[in-house]
Amino acid sequence: MRFNRVAVWSCVMMLTGVAGLRGFAAAAEDDTNGFTAADAQILSEVREHSQAMQNLEYLSDNIGARLTGSAQLKQANDWTAEQMKKYGLVNVHLEPWTIAHSWTRGTATARIVVPAEHLLTIAAAGWSPSTAGVVRGPVVYFDAKTKADFDRFHGKLRGAVVIYQEPSLLSPPKPEDVNEEYVRAMQAPPPMKGQPATPSPFAAFVEVARARNDFFKQEGVAAVLRDSNKPHGLLNMTGVGGEKFDIGAIPSAFITGEGYRMLWRMLKHGPVTIEIEMRNTLSDKPVEVYNTVGEIRGSEKPDEVVILGAHLDSWDLGTGSTDNGTGSMAVLEAARTLAKLNLRPKRTIRFVLFTGEEEGLVGSKRYVEAHKNDLEKISGVLVHDTGTGRVLTLGLHDNYQDREIVDQVLAPLKELKLLEPSMTRSFGTDHASFDDAGVPGFFCIQNMAEYSKTHHSQSDTFDKVWKDDLNQGAQVLAAWAYNTAQLPSMLTRRPLPYQPSEAVAKTEAVQPDPVAEMDAKLIAQVKTDEGQLQTDLSYLADRIGPRLTGTQELDQASHWTMEQFKALGLENAHLEPWTIANSWTRGAATGKVIAPTDHVLTLAAAGWSPSTNGPVRGAVVGVGVQKLDDLQKYRGKLKGAIVLLDRPGETEGPSNPMLTPYDESNLPLDHPKNMALLDFRGRRQMMADEAKFLKEEGAAAVLLVSEKWYGLLNMGTGFSREYQPGILPAAYMARENATLLWRLLDAGPVEAEVNIVANFSGKPVTVYNTVAEIRGSEKPDEVVIIGGHLDSWDLGTGATDNGTGSMAVLAAARALVKSGVKPKRTIRFVLFTGEEQGLNGSKAYVAAHKDELGKISGVLVHDTGSGRVLTIGLMHNYAARETMDRVLYPLAKEKSIGLAEPSLRSEGGSDHVPFADAGVPASWCIQEVANYEKDHHSQTDTLDRVKWDDLAEGAQVLAVYAYNVAQLPEMLPRKPVKASNK
């Protein structure tokens with residue numbers, strides 16, 4: 001992969017080529033809506049003057065748990081309404097709705113009496129009836145998985161205490177993945193137009209529970225115990241009264257995880273008898289409950305509304321601090337902030353604290369029903385409801401049509417380091433009530449922050465709240481609401497899905513999916529042929545070796561891969577020539593410090609560097625500049641000098657690409673710590689001007705700093721462009737040598753000797769892209785391309801950059817042929833060359849095929865080493881996002897792959913870029929780091945570094961992508977071509 005740097009300071013600027021590396025910012029470079037200034041005020045106000053924590057402390061400690069229908073919840077309604085009024089909100093009121101019964105928890109006790117006595121810790125499930133006093137009965141494990149299995153228990157449950165869950169291990173504890181709500185396999189895409197809606201997983205769960213409870217009641221079950229599935233004596237809680245708040249069918253209780261597992265163990269060895277008593281109270285008539293509502297009235301379009309929401313109710317084992325006191329107080333803090341700043345949004349911003357959420361989103365459903373005639377004027381809804389953790393990003397619940405505008409809305413919030421918005425669905429928060437009615441409903445995806453422990457447990461208390469994360473959530477809510485209220489138009493709506501009647505649905509049988517069947521074959525075939533993949537890459541890396549553009553080794557690799565394609569039976573296998581100005585051969589590069597003491601330097605000539613024509617001795621001059629004018633202080637001081645370019649700073653390694661903030665590069669490389677993203681074209685021009693200045697001032701040679709430690713070198717073209725000799729002799733130097741030289745320079749003068757040897761062909765050289773294809777059966781003139789680059793740098797053997805990508809393309813081709821695909825469109829396999837010096841082979845391909853670009857449906861390139869493919873990047877092609885979900889979902893459904901949803905971020909540095917710049921839907925594989933930051937362009941880029949299973953997974957992704965895009969009804973949607981590229 002091409003990441004040519006001249007120094008650490010500039011490494012990330014150079015690695016992206018011309019495409020840039022922006023996420024949010026790319027969608028909103030022209031901030032004409034004035035979001036940025038207002039958002040800066042919002043973030044500052046919350047940061048400096050937040051009242052969220054003091055409000056949450058009052059709600060948690062002075063009011064406490066807020067069970068729907070309780071006096072405490074009504075107290076919370078009244079208090080939050082008063083707070084809204086105090087903050088200056090208008091139209092503050094309580095909107096009533098009714099539940100059948102309120103419920104009050106009483107005592108709950110249980111103990112094992114046979115085979116030995118053990119006290120058990122239990123808590124009645126919400127709306128559970130009481131037991132008929134103390135009841136004693138045998139424990140029965142009800143393991144029926146379907147209704148048909150119920151018959152096995154007929155006549156065997158009267159008077160029994162039933163358990164029905166197989167427990168998982170609590171110890172050793174599973175490490176908490178704070179990002180589990182974000183980093184996971186992609187969900188199934190939403191139904192296409194005309195297809196029925198995806199059923200809520202909760203609906204199926206509720207139906208199973210209803211049928212099971214009806215059976216238990218018919219059979220005379222005495223009580224049901226449910227596993228809390230939490231460690232350390234923590235209980236769980238939910239209700240059994242349903243959305244109607246009816247009395248539950250059977251006395252039911254949650255038992256600690258430890259108690260449940262004791263029962264489970266005892267049952268394996270013989271009968272277990274338990275004694276249990278629960279006393280609960282229900283109201284004998286309906287009870288009125290309320291949603292709290294307040295507004296900041298719109299200044300231009302007051303009838304159009306943006307809603308911020310959270311639920312005010314809670315369960316009652318703790319004080320409801322993290323579920324959902326945090327969300328409610330974040331909404332209240334957003335309201336306080338916006339009102340205080342008096343920003344006068346164009347649309348009305350409404351703040352709604354729902355109730356009855358814990359029993360099935362009931363308060364928000366009633367709100368939607370009550371406002372059904374106003375729904376078309378609600379632009380969008382955002383709900384905060386996953387505890388105290390910081391907001392990672394927004395979940396858009398399949399609202400693909402709004403993704404681009406959401407990127408613009410979030411663009412000014414760079415300091416919050418939000419991740420890329422997700423299309424994932426969630427049915428467990430109040431946004432879903434709006435989304436089901438056609439209103440764009442979004443939710444906050446949050447760091448889990450101990451939520452698995454505090455959620456619905458007695459540990460849900462104020463001391464579990466994370467202050468900074470709570471305030472960050474309020475910042476996100478307030479900025480999102482204001483920015484959305486300021487948009488030129490309301491958020492676009494997604495058409496409601498087809499809803500057939502139950503009778504019609506039964507007649508619409510699911511049809512076999514031939515594409516999915518072929519995908520399964522392709523995945524299996526790649527795995528079957530993994531040994532051949534290893535053989536191919538071993539030959540390329542070990543027998544051919546490094547493949548510098550213009551060398552005999554690259555020419556050998558080009559011809560060998562063409563023969564491999566032909567041997568597979570691919571059509572039109574050929575080499576496409578293009579020309580470089582000079583080939584270049586590396587010679588020795590040596591260096592040493594000769595004053596104030598002797599030190600040997602580890603060097604390697606930069607690509608296409610000229611020779612020094614023998615050893616050169618001179619003063620070492622450290623040159624560090626942030627702007628071109630900084631060079632003037634070196635004028636007259638560089639004659640004969642050996643220039644040490646840029647002082648090495650502190651670096652940080654790459655993070656998980658999926659967890660990189662959306663407006664930062666997610667390429668798996670070391671980079672300067674806390675480095676701001678700058679203008680890449682401007683930096684490139686500055687480097688050219690720098691080189692010109694150094695040449696004019698008579699510098700003898702330039703030493704470039706590797707960003708790698710442990711003696712590993714980097715490699716790039718230094719000051720060379722277009723395969724011409726560089727303007728000055730230049731060499732990359734081990735980072736340890738660079739830091740030594742700067743320390744010596746800080747103490748006084750330093751002299752060094754450098755000798756760089758290199759040879760040029762002195763005439764143009766022809767190089768080749770290797771091309772082959774499977775001809776389309778229906779639309780052969782329409783093409784899908786999968787590619788990698790065959791060339792490499794020459795310090796290692798080019799095994800992971802990009803032997804892996806090239807051989808993954810070959811493996812994908814093999815799987816497609818052996819699986820017998822007959823694609824509608826032509827699938828073309830291209831191994832580019834000249835990538836390492838500026839994507840030159842792919843640029844040549846695009847130029848040579850300029851008249852066919854309109855017929856290229858899509859391009860996918862594999863070029864980030866040996867790590868497994870996590871997903872693919874779509875280069876801000878918003879139009880293709882939903883289609884790509886359908887293309888890639890088979891790779892998410894396959895557990896061995898588990899592909900995440902595709903990303904819309906843009907990255908440069910790989911051969912997809914020339915296609916993307918020409919308007920072709922082009923993507924690259926986003927891969928695990930897998931030590932790429934060490935091996936990339938270094939001496940360790942060898943076969944030893946390859947992770948074979950992960951490489952095979954990459955080939956699976958390429959094969960399935962190619963086939964599925966080839967089978968689409970239409971070509972992939974295109975994004976508009978930039979004016980500069982037209």
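Student: Let me start with two residues: are Trp-97 and Phe-245 buried or exposed?

Tutor: The idea is how much of a residue is left uncovered. Buried means under 20% relative accessible area, exposed means over 50%, and partly exposed lies in between, with a 1.4 Å probe and protein chains only. The areas come from the Shrake-Rupley method with that 1.4 Å probe, and for residues only the protein chains shown count as cover. Here, Trp-97 is buried and Phe-245 is buried too.

Student: What should I know about the model before I go on?

Tutor: The model is predicted, so local features need pLDDT of at least 70 and side-chain atom pairs count only at pLDDT 80 or more, while totals for chains, interfaces and linings use all residues. Residues are numbered from 1 along each chain as its sequence is written, and side-chain values use heavy atoms, with hydrogens and water left out.

Student: How many aromatic pairs does a search of the whole structure find?

Tutor: First, the idea: rings of Phe, Tyr and Trp (its six-membered ring) pair if their centres lie within 6.5 Å; planes under 30 degrees apart are stacked, over 60 edge-to-face, and the rest tilted. The whole structure has 24 such pairs. Trp-97 and Phe-245 make a tilted one, 6.1 Å centre to centre with 55° between the planes.

Student: Which parts does that pair tie together?

Tutor: To name parts we use DSSP runs, numbered from the N terminus: helices (H or I, at least four residues) and strands (E, at least two). Trp-97 sits in strand E1 (residues 90-99) and Phe-245 in the loop between strand E8 (223-227) and strand E9 (252-255), so the pair links parts 148 residues apart in sequence. Another tilted pair is Tyr-845 with Phe-915, because their ring centres are 5.8 Å apart and their planes are at 45°. Tyr-845 belongs to helix H21 (residues 840-848) and Phe-915 to helix H23 (residues 912-917), so this pair joins parts 70 residues apart in sequence. Tyr-845 and Phe-915 are both buried.

Student: Which residues form one aromatic cluster with Trp-97?

Tutor: Trp-97 clusters with Trp-103, Trp-127, Phe-245 and Trp-315.

Student: Now for charges: how many salt bridges does the structure hold?

Tutor: Side chains of opposite charge can pair when their charged atoms come close. We call it a salt bridge when a side-chain nitrogen of Lys or Arg is within 4 Å of a carboxyl oxygen of Asp or Glu. This structure holds 53 of them. In one, Lys-340 meets Glu-45 at 3.1 Å, N to O. Lys-340 is in helix H8 (residues 321-341) and Glu-45 in helix H3 (residues 35-49), so the bridge ties together parts 295 residues apart in sequence. Glu-45 counts as buried because its relative accessibility is 6%.

Student: How should I read the bridge between Lys-934 and Glu-933?

Tutor: Its closest N and O atoms are 3.0 Å apart. Lys-934 is partly exposed, at 34% relative accessibility, whereas Glu-933 is buried, at 9%. Bridges can also share partners: Glu-45, Glu-333, Arg-336 and Lys-340 are joined into one network that way.

Student: Which residues form a negative surface patch?

Tutor: A patch uses residues with over 30% relative accessible area and no salt bridge, joining like charges within 9 Å and nonpolar side chains (Val, Leu, Ile, Met, Phe, Trp, Tyr) within 5 Å. Lys and Arg count as positive, Asp and Glu as negative, and His and the chain ends are not counted. Each charge is placed at NZ of Lys, CZ of Arg, CG of Asp or CD of Glu. The negative patch here consists of Glu-176, Asp-177, Glu-180 and Glu-450. Asp-177 is in the loop between strand E7 (161-163) and helix H6 (201-219), and is partly exposed at 38%.

Student: Which peptide bonds are cis, such as the one joining Val-114 and Pro-115?

Tutor: Most residues other than glycine have a negative phi, and most peptide bonds are trans. The cis bond between Val-114 and Pro-115 has an omega of about 15°, and Pro-115 lies in the loop between strand E3 (108-114) and strand E4 (118-120). The bond from Asp-323 to Asn-324 is also cis, with omega near 5°; Asn-324 is in helix H8.

Student: And what is phi of Tyr-723?

Tutor: Tyr-723 has a positive phi, near 60°. Tyr-723 is in the loop between strand E25 (701-705) and strand E26 (730-733), and is buried at 5%.
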